[in-house]
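Dear colleague,

I am handing over the structure below, and after it I set out what was found. Please keep it open beside this message as you read.

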Amino acid sequence: MKGKATVLCENCVFSNIGAIAEHGWAVFIETNQGNYLFDTGQGKAIINNARYFKKDLSTIKGIIISHHHMDHSGGLLSVLEETGKVNVYSHPDLFKDSYSIRGGNEKFIGIPFRREVLESRGAKFKFNTDFKEIEPNLLLSGEVPRKTKFEKGDKRLLLKSKKGYVKDPIFDDQTLVISTKKGLIIILGCSHAGIINILNYVIQKTGQQNIHAIIGGTHLGPATEEIKEKSIQALKKFDIEKIGVSHCTGLETSMRLFQEFRDRFFFCNVGTVIEI
Ligand SMILES: [Fe+2]
Ligand SMILES: [Fe+2]
């Protein structure tokens, strides 16, 4: 597979006057096998930024939603206005009722649309829980087994149950993998499954060890010091050519990763292009 991936939604924008930053994540993927959109941001930036970077959303062959959180799924309705009927790949837990609690305040953080509304605008949902080939060399992780001892998830992300709030294990967290001659290009959503669990699983499923690039949210920003340090030490053991962290990595952890990866590190913000 050949082409390029352009970040359309991310927490920061530099130099591109007219493009908008938001706490969110979306990547437009143009390939010789068709165009895809991975995530949609929270909905304020996607249309503006697609126009700014001259990405025609009506050409999209499929939309992939990494997980149910609003900062990844909130732009879906506006994208559908541009695409019309289109396949939407996601885990079946996409519509769950999920919350975060910060400073004692409950906040709904799930997808802000009902399934029927999205379907009436053209969404053709293709749910998966297992590793899936969307098309040759474009692979979706499905549920990632949680194997490391130190990646314990985020206890502030919750589901409502009869017993009150319970921690959301976010089994719906999926990662997109593009297999290229240069190696794997791994596009993370928020890495709620744990970035090391994800990398181990992707290597196991593809049989490829060479990672040309990793981009996306690592969720190491809000992680505990223990998770952060152990993840960074484990990351260094993989064969990674470039790491372009984004979104929920946070600035402090990005600086730590820069110290470790130096010339292999890059900022991956709105407008960043990765050659596939
Ligand atoms: Fe996120
Ligand atoms: Fe998330």
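With a relative accessibility of 53%, Glu-81 counts as exposed, because exposed means over 50% relative accessible area, buried under 20% and partly exposed in between, with a 1.4 Å probe and protein chains only. The side chain of Glu-81 makes a polar contact of 2.8 Å with the side chain of Arg-121 (a pair of N or O atoms within 3.5 Å, of which, within protein, one must be able to donate a hydrogen and the other to accept it, while residues adjacent in sequence count only if both atoms are side-chain atoms). The C-alpha atoms of Glu-81 and Arg-121 are separated by 6.9 Å, although these residues are 40 apart along the chain.

This is a predicted model, in which local features need pLDDT of at least 70 and side-chain atom pairs pLDDT 80 or more, whereas totals for chains, interfaces and linings use all residues. Residues are numbered from 1 along each chain as its sequence is written, chains are lettered from A and ligands numbered from 1 in the order written, and side-chain values use heavy atoms, leaving out hydrogens and water.

The iron ion (ligand 2) is 3.5 Å from the iron ion (ligand 1).

Best wishes

Notes:
Donors are N, O and S atoms within 2.8 Å of the metal (3.2 Å for Na, K and Ca); water is not among the atoms, so sites may look incomplete.
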